[in-house]
Amino acid sequence: MPDLTVGSLFAGIGGLDLGAERAGFDVIWQCEQDDFCTKVLNKHWPDVPVYSDVRTLFTESGPEPEQPDILCGGFPCQDISLAGKAAGLDGERSGLWWEFYGLIRTVRPQYAVVENVPAITHRGLKAILGSLAEIGYDAEWQTISAEAFGAPHLRERFFLVAYPNCEVPSKPRIPWEWRRKPRDGGMRPPVRGDTDHWNTKPDVGKLADGVSDQVDRLKGLGN
């Protein structure tokens, strides 16, 4: 089976892209408008084109990149997050979901992978599922914690995988142990040998070990 190709929307500093590559996929283009994040992408993916505006991709006046097998992206969470103003998908930032949706409708990828904060389950998920159903896509979703992979902190994130319902692929189930862990000090999964940089995490909000406390770097990490 040939490697699946990936088009990365809202790429940030390439977190989903790195995961896709480690899964054996081929990232063929990225879309990101932040200057600092774009520099990071250009450093680590020097041969991959980066487009600046998700709103102009595959339009008459915009670029038409190679059509990927997978569209992935973590669209902005500011209007969905519990720390935000709860505008949801009507907000200026999180409303960019509708650009993501328009690209799924246009490109018709084999899969669409969507990442966001867990609050999306009650601040937009119904609309997302409804819009995907209208264009013939089914979806499965799960909130997964970084703790499930050995990190000593929760950092829960929502992931959704959508696919055309006319050709339903085999659907691997997310293992139960990946689900949310107790917050009451119960046993955590052991930290694996290749994640030693996660062994400690400071108690200071918005900081993480190994990351400089400059605004661009922290914003990049969040992206």
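1. S6 and S7 of this predicted model run antiparallel and are joined by nine bridges. Strands of a sheet pair through backbone hydrogen bonds, in either a parallel or an antiparallel sense.

2. The strands S6 and S7 belong to an open sheet of seven strands, ordered S3-S2-S1-S4-S5-S7-S6, in which the pairing is mixed. Strand S3 (50–51) and S6 form the edges, each pairing on one side only. Along the sequence, the protein chain reads β-α-β-α-β-β-α-β-α-β-β-α, and its secondary structure comprises five helices and seven strands.

3. With S1 it pairs in the parallel sense over four bridges, and Ile70 in S4 is the bridge partner of Val6. S4 and S5 also run parallel, joined by four bridges; here Cys72 stands opposite Val113 in S5. Ile70 and Cys72 point one way from S4, while Leu71 and Gly73 point the other way, and all are buried.

4. Helix H3 packs on the sheet and touches S1, S4, S5 and S6. Its direction makes about 175 degrees with that of S4. The buried residues of H3 (residues 97–107) are Trp97, Phe100, Tyr101, Gly102, Leu103, Ile104 and Val107. Their packing partners are strands S1 (5–9), S4 (70–73), S5 (111–116) and S6 (137–145), together with helix H4 (125–134). After H3 comes Arg108, with a positive phi near 55 degrees.

5. Which residues of the largest nonpolar core touch the most other members? Of its 33 residues, they are Leu9, Phe75, Trp97, Phe100, Ile104, Leu132 and Leu160. Strand S2 (26–31), H3, S5, H4, S6 and S7 each supply at least two residues of this core, and H3 gives the most, with six residues. Apart from this core lies another, of ten residues, including Ala11, Trp45, Val48 and Cys72.

6. Setting aside neighbours within four places in sequence, Phe75 is in contact with Phe10, Ile80, Leu89, Ser94, Trp97, Phe100, Val114, Glu115, Asn116, Ile120 and Ile128. Two of these contacts, Trp97 and Phe100, are buried residues of H3.

7. Tyr163 and Pro109 are 54 residues apart in sequence, yet their C-alpha atoms are 7.7 Å apart in space.

8. Totals for the chain complete the note. The protein chain has 223 residues, of which 42% count as buried. Among contacts with a separation of 6 or more, 60% are between residues 24 or more positions apart. The accessible surface comes to about 13000 Å², and 51% of this surface belongs to carbon and sulfur atoms.

Definitions and conventions: Residues are numbered from 1 along each chain as its sequence is written. This is a predicted model: local features need pLDDT of at least 70, side-chain atom pairs count only at pLDDT 80 or more; totals for chains, interfaces and linings use all residues. Side-chain values use heavy atoms; hydrogens and water are left out. Buried means under 20% relative accessible area, exposed over 50%, partly exposed in between (1.4 Å probe, protein chains only). Contact means heavy atoms within 4.5 Å. Accessible areas come from the Shrake-Rupley method with a 1.4 Å probe; for residues, only the protein chains shown count as cover. Two strands pair if DSSP finds at least two bridges between them. A nonpolar core is a set of buried Ala, Val, Leu, Ile, Met, Phe, Trp, Tyr and Cys residues joined through side-chain atoms within 4.5 Å. Axes are lines fitted to C-alpha atoms, for helices over the stretch in contact, and angles run from 0 to 180 degrees between N-to-C directions.
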